[in-house]
Amino acid sequence: IELRHIQRTILASGNFAFRQELQLSSEVIGKVFQVLVSEGDKVVRGQVLLRLDPSSYRSEVAQQEANRRNAAIAIERAQINLANQQRNLDRTGQLYKAKYIDISKYDDAVHQVDLAKVELRASRESLEQASALLSQSREHLAKTEVRAPIDGTVTAVPIKIGETAVASATGIAGSSLMTIADVGSIMAEVNVDEADIARVVAGQQARVYPAAFPDQPVAGRVESVAMAPRAAVPGASQGRSYVVKLRLDDPKVALRSGMT
């Protein structure tokens, strides 16, 4: 028997998670042409991880480049027409001043110059539109190369060569290309019942017992407490819980994301 300080504790369960974990998805639709990394590979930001078949997007770029050239030619044609109509207006104006022609022919010449100016403006707008479509096509072509957004480790590669990658945030096949995480920074997320959450504040000490290593607890501290309760799981009890994130000290055991 000895004298000890009694400390109130709160017991809660949760999971380990990487602090930074990103699931990559495609922004364009296409068949997977190359997968350049495997699960467990270390990658750096900007590194090409996967390529989609670029054939259709290259054809689209070539088509838009041709459209832009045609728009530039249309501007040259409109400029020549405007210059011609302006010369015709000058001659018509001299004839009108000399009273060789009536006012209606002079008005027709003025009208033709105005129309030529409108045609030139329209041609310039068409060039702007063609340039925008060309830029968009080039952006689509660039997106056939999927690059790493962060430095990290590839933790999952569910897509395979020949499969079709789709631009979707849902869980349909082809929407997930691979997962990259910073495996050097792992944290614990525990679900604290609403009856206990009032006694949890940032900075409190905690001990985390991994299910895989029950005899090797990891020390940590409360980093943040959620302001809103976790969304209820269908069929679960009506009790609410709040997610508490714990910053862990350097663990001596190999922790993985998803461990309980």
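Select S135 to begin: at 44% relative accessibility, this residue counts as partly exposed, where partly exposed lies between buried (under 20% relative accessible area) and exposed (over 50%), computed with a 1.4 Å probe on protein chains only. The model is predicted, with local features needing pLDDT of at least 70 and side-chain atom pairs counting only at pLDDT 80 or more, while totals for chains, interfaces and linings use all residues. Residues are numbered from 1 along each chain as its sequence is written, and side-chain values use heavy atoms, with hydrogens and water left out.

**Helix α2**

S135 belongs to helix α2; helices here are DSSP runs of H or I with at least four residues, strands are runs of E with at least two, and both are numbered from the N terminus. Now extend the selection to the whole of α2. This helix has 40 residues and reaches 59 Å from its first C-alpha to its last, close to the 58 Å expected at 1.5 Å a residue; the expected span is 1.5 Å times one less than the number of residues.

Next, colour the buried residues of α2, namely A109, V113, A116, L120, S123, L127, A130, L134 and S137. They pack against α1.

Select α1, residues 55–97. Its 43 residues should span 63 Å at 1.5 Å a residue, and its end C-alpha atoms are 63 Å apart, in agreement. The buried residues of α1 include Y57, V61, Q64, A71, I75 and A78. Further along the helix, L82, Q85, L89, T92 and G93 are buried as well. What covers the buried residues of α1 includes α2 (103–142).

Zoom in on T92. Which residues does T92 touch, not counting residues up to four places away in sequence? They are I101, K105, Y106 and A109, where contact means heavy atoms within 4.5 Å. T92 is buried, with a relative accessible area of 10%.

Move on to K99, in the loop between α1 and α2. Most residues other than glycine have a negative phi. Phi of K99, however, is near 65°, a positive value in a residue other than glycine. At 73% relative accessibility, K99 counts as exposed.

**The four-stranded sheet**

Display β6, β5, β3 and β8. These four strands form an open sheet in the order β6-β5-β3-β8, with antiparallel pairing; two strands pair if DSSP finds at least two bridges between them. The edge strands are β6 (145–147) and β8 (164–165), each of which pairs on one side only. Within the sheet, β3 (residues 30–35) and β5 (residues 48–52) pair in the antiparallel sense over three bridges. To locate this pairing, select V32 and its bridge partner in β5, L52.

**Strands β1, β10 and β13**

Select β1 and β10, which pair in the antiparallel sense over six bridges. S13 stands opposite N191 in β10. In β13, the bridge partner of N191 is V243.

**The two pockets**

Rolling a probe the size of a water molecule over the atoms shows where empty space is left. A pocket here is an open set of points, on a 1 Å grid over the protein atoms alone, where a 1.4 Å probe fits, with protein on both sides within 12 Å along at least five of seven lines; lining residues have an atom within 4 Å of a point. A volume is the space filled by probe spheres set on the points, which are joined across faces, edges and corners.

The largest pocket has a volume of about 810 Å³. Of its 26 lining residues, the closest to its centre are I10, L11, Q205, A206 and R207. The elements that give two or more residues to this lining are β1 (13–18), β10 (186–193), β11 (205–208) and β13 (241–248). The lining divides into 14 nonpolar, eight polar and four charged residues; Ala, Val, Leu, Ile, Met, Phe, Trp, Tyr, Cys and Pro count as nonpolar, Asp, Glu, Lys and Arg as charged, and the others, Gly among them, as polar.

Finally, turn to the second largest pocket, with a volume of about 330 Å³. It is lined by 20 residues, of which F18, V183, G184, I186 and L255 lie nearest its centre. β7 (152–156) and β13 are the elements that give two or more residues to this lining, and β7 gives the most, with three residues. By class, the lining of the second largest pocket has nine nonpolar, five polar and six charged residues.
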